[in-house]
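Hi,

Here is the structure I promised to pass on. Have a look at it first, and then read on for what turned up in it.

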Amino acid sequence: MSSSTPQPILPTTGDRVYANDTYILPADAEELERLERTHKLLMHAYRQPILGGYSPTQGDRIVDSGTGTGSWPIEVANTAHPQVELFAFDISSRLFPAGAPADRIHFRTQSILDAPPAEWLSSFNLVHQRLLGGGLLAKDWPIALSNIHKMLKPGSYVQLGEFGRMNGGPAIKCFSFLFDSLFSARGLLRSAMAEIPTMLIQAGFSDVQRHPTFLRWGRSADNAEMMKQALMALIDGMKIPILKSGGFGVVKTEADFDELVKEIQAEYETMDDGGMEFEYFVARKPE
């Protein structure tokens, strides 16, 4: 082995459960809580689960790709016509909600990279997918978008949401570097938010709309405590993958990572202008 190859740092604390070797975040109880907080923060920012002018009507079919905890289809179930059919799928059922309305939402284990079931072809009015940037290899995005295109009826919509860049002080910038480095090391597309519009056009979609927001961190932010909890949970979820990747020249021991976490916590309490970009994209499958 070359001496320049980063050596894994084996953590001794904080064992987490991961769904597979590609997705960089866990699939456990702590991650469930983080995803639920993230959903609430995005709902606070956007006020509604469906953007772009599409409004579900009786008999419509909607599917959520990479559903995780099912928070998004549950949100839709609470607001849409009772005869809108809702489906949701993920590569793992670990985070599927126990209390979801089974008569409203049909959950199944499946990957967006799998060929859609025959009964799903050209059958949906909306496909929603959010925060799969940490689980889709850069080379797999065209496959995912092609499968979404196949599932939609002509004239129907896709809605994709991804995080962009982090802003903050020195400690958060340090974590942002680790975040970006892990994406690169895993072959993930850190620039998904910038590239989605072009990828949608290449996949055969049209009428691309952009709906950006900025989730502000720090003491003066809306939902400041929830934002802090979501940020710290994100950092904790990425601890093991970053350490096992060798720390990217920034952290050389588990203690180094834990010290960075303390610095981020202290920085958060005095920060007024930090945050993270998020953007929803809505596009249409031509008639």
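Let me start with a term: a salt bridge here is a side-chain nitrogen of Lys or Arg within 4 Å of a carboxyl oxygen of Asp or Glu. Before the results, some ground rules: this is a predicted model, where local features need pLDDT of at least 70 and side-chain atom pairs count only at pLDDT 80 or more, while totals for chains, interfaces and linings use all residues. Residues are numbered from 1 along each chain as its sequence is written, and side-chain values use heavy atoms, with hydrogens and water left out.

**Salt bridges**

Side chains of opposite charge can pair when their charged atoms come close. Searching the whole structure gives 15 salt bridges. One of them joins Asp140 to Lys139, with 3.3 Å between the closest N and O atoms. For accessibility, buried means under 20% relative accessible area, exposed over 50%, and partly exposed in between (1.4 Å probe, protein chains only). Asp140 counts as buried because its relative accessibility is 10%, whereas Lys139, at 61%, counts as exposed.

Another bridge pairs Arg210 with Glu279, and there the closest N and O atoms are 2.7 Å apart. Arg210 is in strand E6 (residues 206–216) and Glu279 in strand E7, so this pair ties together parts that are 69 residues apart in sequence. Helices (H or I, at least four residues) and strands (E, at least two) are DSSP runs, by the way, numbered from the N terminus. Arg210 is partly exposed at 46% relative accessibility, but Glu279 is buried at 4%.

Then there is Lys228 with Glu269, a salt bridge of 2.5 Å, N to O. Lys228 belongs to helix H6 (residues 224–244) and Glu269 to helix H7 (residues 254–270), so parts 41 residues apart in sequence are tied together. Lys228 has a relative accessible area of 17%, so it is buried; Glu269 has 41% and is partly exposed. Salt bridges with shared partners also join Arg16, Asp28 and Asp236 into one network.

**Aromatic rings**

A pair of aromatic rings is described by the distance of the centres and the angle of the planes. Rings of Phe, Tyr and Trp (its six-membered ring) pair if their centres lie within 6.5 Å; planes under 30 degrees apart count as stacked, over 60 as edge-to-face and the rest as tilted. By that rule there are 12 aromatic pairs. Tyr46 and Phe278 make one that is edge-to-face, at 6.0 Å centre to centre with 70 degrees between the planes. It links distant parts of the chain, since Tyr46 sits in helix H1 (residues 29–46) and Phe278 in strand E7 (residues 275–284), 232 residues apart. Tyr46 and Phe278 are both buried.

Why is the pair of Trp120 and Phe124 edge-to-face? Their ring centres are 5.4 Å apart and their planes stand at 85 degrees, so the pair falls into that class. Trp120 is buried, as is Phe124. Ring pairs also link Tyr46, Phe163, Phe278 and Tyr280 into a cluster.

A charge sits over a ring if NZ of Lys or CZ of Arg is within 6 Å of the ring centre and within 35 degrees of the ring normal. Arg61 has its charged end over the ring of Phe124, 4.9 Å from the centre. Likewise, the charged end of Arg190 sits over the ring of Phe183, 5.5 Å from its centre.

Asp207 is not a glycine, yet it has a positive phi of about 55 degrees. Asp207 lies in strand E6 and is partly exposed, with a relative accessible area of 49%. Phe248, also not a glycine, has a positive phi of about 55 degrees too. Phe248 is in the loop between H6 and H7, and with a relative accessible area of 21% it is partly exposed.

**The whole chain**

The protein has 7 helices and 7 strands, and from the N terminus on the elements run α-β-α-β-β-β-α-β-α-α-β-α-α-β. Its C-alpha atoms fill a box of roughly 55 × 45 × 35 Å, taken along the principal axes. Buried residues make up 53% of the 287 residues. With contact meaning heavy atoms within 4.5 Å, residues 24 or more positions apart account for 78% of the contacts with a separation of 6 or more.

Cheers
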